[in-house]
Amino acid sequence: MSRYRRLLTGSTYFFTVVAHRRRPIFCNPAIRSSLAQAIRFVRETRPFVVDGWILLPDHMHCIWTLPEHDTDYSTRWSIIKRYVSSRGAPALHDPALSTSSRQKRRESTIWQRRFWEHQIRNEVDFERHMDYIPFNPVKHGFVQQVVDWPYSTFHRYVRDGVYAVDWGGTAEIRGMLIE
């Protein structure tokens, strides 16, 4: 397991966000770039810490820590999704996938309407979710080793000495993370 230790202060959440109809678009350079811009934009007025993040073709996982006494992650996600849809990746909007409900709500076909969130309860819960994030592309069969997936904060944590470059490659770790 990792040696990631930190004191939980604000509200910390694990999120899963999915592409509309599970289209494999999240590793697209336009999405990645506009998502990074959207996150910077939102953090200017509604700060949060990105503890971990991974982009997979049709979904993403991340952990955010919000400032103390702030639990408004929904507004942050709304702004991020709107920013990416309107400014960063409108070419990925596919009118053929739109429904009357989506048209009425003026929704793009980039994002699934909702997202899944889980409030991190303690350090063990935090570590489990932090370990789940970089292992996800291995679990889905995109790569054989965690280090081979480029769209992850795993590389930042390797650089900072939190994870070893070969983390997730042992049978023991694989058994713990796939369950």
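1. Lining of the second largest pocket. In this predicted model, helix H1 (29–45) and strand E2 (49–55) each contribute at least two residues to the lining of the second largest pocket. Helix H1 gives the most to that lining, namely 5 residues.

2. By residue class, the lining of the second largest pocket divides into 9 nonpolar, 2 polar and 3 charged residues.

3. Cysteines. The structure holds 0 disulfides. Cys-27 has a relative accessibility of 16% and therefore counts as buried, the cut-off being under 20%. Cys-62 is likewise buried, since its relative accessible area is 0%.

4. Overall confidence. The average pLDDT of the chain is 84, and 77% of the residues reach a score of at least 70.

5. A segment to treat with caution. Over residues 4–8 the pLDDT stays under 50. For this segment the model has 19 contacts beyond four places in sequence. Where pLDDT is low, predicted coordinates should not be read in detail. The contacts of residues 4–8 belong to a segment with pLDDT under 50.

How values were computed:
Residues are numbered from 1 along each chain as its sequence is written. This is a predicted model: local features need pLDDT of at least 70, side-chain atom pairs count only at pLDDT 80 or more; totals for chains, interfaces and linings use all residues. Side-chain values use heavy atoms; hydrogens and water are left out. A disulfide is a pair of cysteine sulfur atoms within 2.5 Å. Buried means under 20% relative accessible area, exposed over 50%, partly exposed in between (1.4 Å probe, protein chains only). pLDDT is the predictor's confidence in each residue, from 0 to 100. Contact means heavy atoms within 4.5 Å. Helices (H or I, at least four residues) and strands (E, at least two) are DSSP runs, numbered from the N terminus. Ala, Val, Leu, Ile, Met, Phe, Trp, Tyr, Cys and Pro count as nonpolar, Asp, Glu, Lys and Arg as charged, and the others, Gly among them, as polar.
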